Amino acid sequence: MSIIGSIIAGIIVGVLARVVLPGRQNISVIMTIVLGILGAVIGWFLAAGIGVESTGGVDWIRWLISIVVAAVLIVGYERFTASRGATR
């Protein structure tokens, strides 16, 4: 995956991850993109691990895995930053 492709995939995955999460997420656009990129990369490696990294047409399973991973990263980031803010 190229750098530009990773950024574009990260934007798409990050936005879709925030859409599927209930409620409002208190996270910046830049962090959404960063976590989306991480979710896409990790999701694509997981898809390769289970043997669905390349299918005919659009790789819906790979995208779904990436979105779920990004959503988990967003929730984890929110909890991490909320716990850090509460101890100050």
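Colleague: How do the elements run from the N terminus on?

Modeller: They run α-α-α in the protein chain. That makes three helices and zero strands. Helices (H or I, at least four residues) and strands (E, at least two) are DSSP runs, numbered from the N terminus.

Colleague: What sort of model is this?

Modeller: This is a predicted model, where local features need pLDDT of at least 70, side-chain atom pairs count only at pLDDT 80 or more, and totals for chains, interfaces and linings use all residues. Residues are numbered from 1 along each chain as its sequence is written, and side-chain values use heavy atoms, leaving out hydrogens and water.

Colleague: What pLDDT does the protein chain average?

Modeller: The average is 85, and 91% of the residues score at least 70. pLDDT is the predictor's confidence in each residue, from 0 to 100.

Colleague: Which helix has the lowest confidence, and which the highest?

Modeller: α3 is lowest, at a mean of 87. α2 is highest, at 90.

Colleague: Switching to the inside. Which residues make up the largest nonpolar core?

Modeller: Twelve residues: A9, V13, A17, L21, I27, L35, A40, W44, I67, A70, A71 and I74. A nonpolar core is a set of buried Ala, Val, Leu, Ile, Met, Phe, Trp, Tyr and Cys residues joined through side-chain atoms within 4.5 Å. Buried means under 20% relative accessible area (1.4 Å probe, protein chains only), exposed means over 50%, and partly exposed is in between.

Colleague: Which helices supply at least two residues each?

Modeller: α1 (3-20), α2 (29-50) and α3 (60-86). The largest share, four residues, comes from α3.

Colleague: What does I27 touch?

Modeller: Leaving aside residues up to four places away in sequence, I27 touches R18, T32, L35, I74, Y77 and E78. Contact means heavy atoms within 4.5 Å.

Colleague: And where is Q25?

Modeller: Q25 sits in the loop between α1 and α2.

Colleague: Buried or exposed?

Modeller: Q25 is buried, because its relative accessible area is 6%. Its contacts are R18, I74 and E78, again not counting residues up to four places away in sequence. A polar atom of the Q25 side chain also lies 3.1 Å from the backbone oxygen of G23.

Colleague: Back to the whole chain. What share of the residues is buried?

Modeller: Buried residues are 31% of the 88 in the protein chain.

Colleague: What box do the C-alpha atoms fill?

Modeller: Roughly 50 × 25 × 20 Å, taken along the principal axes.

How values were computed
A polar contact is a pair of N or O atoms within 3.5 Å; within protein, one must be able to donate a hydrogen and the other to accept it, and residues adjacent in sequence count only if both atoms are side-chain atoms.
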